[in-house]
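Here are some friendly notes to read alongside the model. Please keep the structure open as you go through the points.

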Amino acid sequence: MNSIFLFGPRVVHKLSCFFVVSRKLCDQGFDGDKVDNGFGCIEEPLKRMWRFSDFDIVSDEKPDGNEYGSCVRGYFSVRQSFFDTVKSDAKRVLEILEQDGPGFDTKLALDKLCVRISGLLVREVLLGVLRNVNYASKMRCAKLGYKFFVWSGQQENYRHTANSYHLIMKIFAECDEFKAMWRLVDEMIENGFPTTARTFNILICTCGGAGLARKVVESFIKSKTFNFRPFKHSYNAILHSLLTVNQYKLIEWVYQQMLVEGHSPDILTYNVVMCAKYRLGKLDQFHRLLDEMGRSGFCPDFHTYNILLHVLGKGDKPLAALNLLNHMKEVGFDPSVLHFTTLIDGLSRAGNLDACKYFFHEMTNNGCMPDVVSYTVMITGYIVAGELEKAQEMFDEMIIKGQLPNVFTYNSMIRGFCMAGKFEEARSMLKEMESRGCNPNFLVYSTLVSNLRNAGKLSEAHEVIRHMVEKGQYVHLLSKIKKYRRC
């Protein structure tokens, strides 16, 4: 059996062992906000391949197509009326919670509302609390969220679900209330709810930064209440969640534990572990996994091809990438916008802008319309290469084509103007993005401020900081702006 791919000085061989290509994940999109992450083009779709349904308490079921006239209108009218009532009740509950404080009996005020407690109402209220969490309100939001959680759980004809537990856990996680979050996990299990992949995901996202990731993984591996659906087995659920928090070394450990326990890897397992191996720079092991996957009879899927195109792009192997794209077409797997964008991103990082331009045009020739991520990758490549004019041309073209720039597009352009010493244009770009309804993130502000300072334009840098503070944004991150002095 032929090796799947041979890299480095070797060439791409025909994938004779792949007869059928799985298409079940080909409808996944790409989050433009992740383009700035070097490996994001291949990791983000993998991370989001399983869309958690925990918070979708009320499904979007539709009436049978044979129902007509007043029946259909009546169905949607009643349903819409229910949703409107729930949203109105949630708003009233949140208004009561906002009044919580000394001398105010929140529980009594909630009782007097006489609202009907349902899973949807609990969801709406807790999401409302979650949306209000910021640096200054963490402690209060945790208190209000839990106060409502306890009160609603005491009402007649209502019992919390795993979904509501996950939401209050998420609030505690965002508010850095880690001990309270773990107590909720214990309470959830005591009340008969199995821990799920969503539970693990919340915990690993929270505890990974605190150095407790290994402890969380070990507890879930040993857990007898871990409901790992829809994954094949608990190890896949854990591996997938570890990828979302970039725990690559831990992925290796879990994979070895999986093999020791006698579980066989599937296509998801291989994709996640290959991502980890590549991220850790273990290319030989990456190649061996790729060959092993083929020998085990697994066909490459949407994500496998995406990984390979990124590797070939970053390795500056445009001819091998072209051969792979042609092979994909031969086996009936049409490359998507994401596949081309992933390749272009890799080639851009390798500094091969000519190849980037070629594959950008190939994308359109193949009937794929470049999206905001595709344009942003091209613009960033030109900016890094110091070709501001070409970046500006691409920026203008995307707007003409109806692709609105996102925060990362603007950040690249601002960086480009600063690199060229065009600071007025950079500040104008900041104003333009705000006027278009695109809110600058902290990276945009810090990019502009640091470049202004490096150019000795301290008053302009302080003006940008004042503007950021006046908007009430990222005040808690001011210390991260080097040498910040309050003006």
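1. Let us start with a helix pair. Helix α6 (residues 162–174) and helix α7 (residues 178–190) pack at an angle of about 165°, and their axes are 8 Å apart. Axes here are lines fitted to C-alpha atoms, for helices over the stretch in contact, and angles run from 0 to 180 degrees between N-to-C directions. The crossing of α6 and α7 is left-handed, meaning that the near helix is turned anticlockwise from the far one by less than a right angle.

2. Who makes this contact (heavy atoms within 4.5 Å)? From α6 come A162, Y165, H166, I168, M169, F172 and A173, and from α7 come F178, A180, M181, L184, V185, E187 and M188. The residues of the contact of α6 with α7 divide into 12 nonpolar, 1 polar and 1 charged. In this count Ala, Val, Leu, Ile, Met, Phe, Trp, Tyr, Cys and Pro are nonpolar, Asp, Glu, Lys and Arg are charged, and the others, Gly among them, are polar.

3. A word on the basis of these notes: this is a predicted model, in which local features need pLDDT of at least 70 and side-chain atom pairs count only at pLDDT 80 or more, while totals for chains, interfaces and linings use all residues. Residues are numbered from 1 along each chain as its sequence is written, and side-chain values use heavy atoms, with hydrogens and water left out.

4. Now look at the loop between α6 and α7, where D176 is found. D176 is not a glycine, yet its phi is positive, at about 65°. With 42% relative accessibility, D176 counts as partly exposed (buried means under 20% relative accessible area, exposed over 50%, partly exposed in between, with a 1.4 Å probe and protein chains only).

5. The loop between α3 (106–113) and α4 holds C114, a residue other than glycine with a positive phi near 55°. C114 is exposed, with a relative accessible area of 69%.

6. The axes of helix α4 (residues 119–131) and helix α5 (residues 138–153) come within 9 Å and cross at roughly 170°. That makes α4 roughly antiparallel to α5. V122, V125, L126 and V129 of α4 meet C141, G145, F148, F149 and S152 of α5. The residues of this contact divide into 7 nonpolar, 2 polar and no charged.

7. Which residues touch the most other members of the largest nonpolar core? They are L97, I251 and I414, in a core of 144 residues. Such a core is a set of buried Ala, Val, Leu, Ile, Met, Phe, Trp, Tyr and Cys residues joined through side-chain atoms within 4.5 Å. Helix α12 (residues 267–279) gives the largest share of this core, 9 residues. Leaving out residues up to four places away in sequence, L97 touches T106, L110, V125, V129, R140, L144 and F148.

8. Finally, the whole chain. There are 23 helices and 2 strands, taken as DSSP runs numbered from the N terminus (helices are H or I, at least four residues; strands are E, at least two). Of the 487 residues, 50% count as buried.

Conventions. Parallel < 35°, antiparallel > 145°, perpendicular 65-115°, else oblique. Contact = heavy atoms within 4.5 Å.
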